[in-house]
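Please look through the model below before reading on.

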Amino acid sequence: MRPVILDGFDYGYANSISRIGKREYHYHNEYELYFMIKGKSEYFIKDKAYSVSDGYIVLIAKDELHYNSYATDKIERFVLNFSEKLIPTPFLEPVRRLFENAIYIPRHPYYLKRLMSEIINEYKKNDEFSADMI
């Protein structure tokens with residue numbers, strides 16, 4: 001079990017289907033940002049299906065019922081879950097609107113991969129500045 005260094009924040013990283021396990025419909029009390037680095041899957045959010053592949057970001061609002069079905073055996077993905085309380089008040093409404101759009105395809109996904117790696121490394125470092133850095 002990982003230590004909790006920032007209440008309302010968690011992450012996941014996987015580079016193999018076998019490390020993820022069976023997925024079923026579920027929801028979180030937090031926002032979820034799912035970044036597919038390599039691989040393909042079908043994402044089901046509420047009553048819509050989305051095809052996700054290399055470089056896609058899936059944005060799932062809090063309390064949104066969702067399910068992911070992998071279409072390839074080899075994947076690499078990051079998942080960040082974060083509470084609304086971590087979002088500064090002036091950004092709360094823009095974040096809510098952003099998460100109404102389930103799919104985002106960044107122009108330069110390698111920057112996002114590097115940023116997510118840095119967030120996870122900071123979490124693992126767990127020093128006195130880690131929560132602020134994340």
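Q: What makes the contact between the side chains of E93 and R96 a salt bridge?
A: The side chains of E93 and R96 meet at 3.4 Å, N to O. A salt bridge is a side-chain nitrogen of Lys or Arg within 4 Å of a carboxyl oxygen of Asp or Glu, so the E93 and R96 pair, at 3.4 Å, is called one. This is a predicted model, in which local features need pLDDT of at least 70 and side-chain atom pairs count only at pLDDT 80 or more, while totals for chains, interfaces and linings use all residues. Residues are numbered from 1 along each chain as its sequence is written, and side-chain values use heavy atoms, with hydrogens and water left out.

Q: Where do E93 and R96 lie?
A: Both are in helix 1, three residues apart, about one turn of the helix. Helices (H or I, at least four residues) and strands (E, at least two) are DSSP runs, numbered from the N terminus.

Q: Why is E93 called partly exposed?
A: Buried means under 20% relative accessible area, exposed over 50%, and partly exposed in between (1.4 Å probe, protein chains only). E93 has 39%, so it is partly exposed. R96, with 33%, is partly exposed as well.

Q: Why does E122 count as buried?
A: Its relative accessibility is 13%, which is under 20%, so E122 is buried. The side chain of E122 also meets that of K125 in a salt bridge, 3.7 Å from N to O. E122 and K125 are three residues apart in helix 2, so about one helical turn separates them. Elsewhere, salt bridges that share partners join K62, E84, E93 and R96 into one network.

Q: How do you know that the span of helix 2 agrees with its number of residues?
A: The expected span is 1.5 Å times one less than the number of residues. For the 17 residues of helix 2 (residues 109-125) this gives 24 Å, and the end C-alpha atoms are 24 Å apart, so the two agree.

Q: Which residues of helix 2 are buried?
A: They are L112, M116, I119, I120, E122 and Y123. These residues cover an arc of only 155° around the axis, so they are on the same side of helix 2; the arc is that of the directions from the helix axis to the C-beta atoms. On the other side, Y110, R114 and K124 are exposed.

Q: What makes Y34 and Y43 an edge-to-face aromatic pair?
A: Rings of Phe, Tyr and Trp (its six-membered ring) pair if their centres lie within 6.5 Å; planes under 30 degrees apart count as stacked, over 60 as edge-to-face and the rest as tilted. The centres of the Y34 and Y43 rings are 5.0 Å apart and the planes are at 70°, so the pair is edge-to-face. Y34, at 2% relative accessibility, counts as buried, and so does Y43, at 3%.
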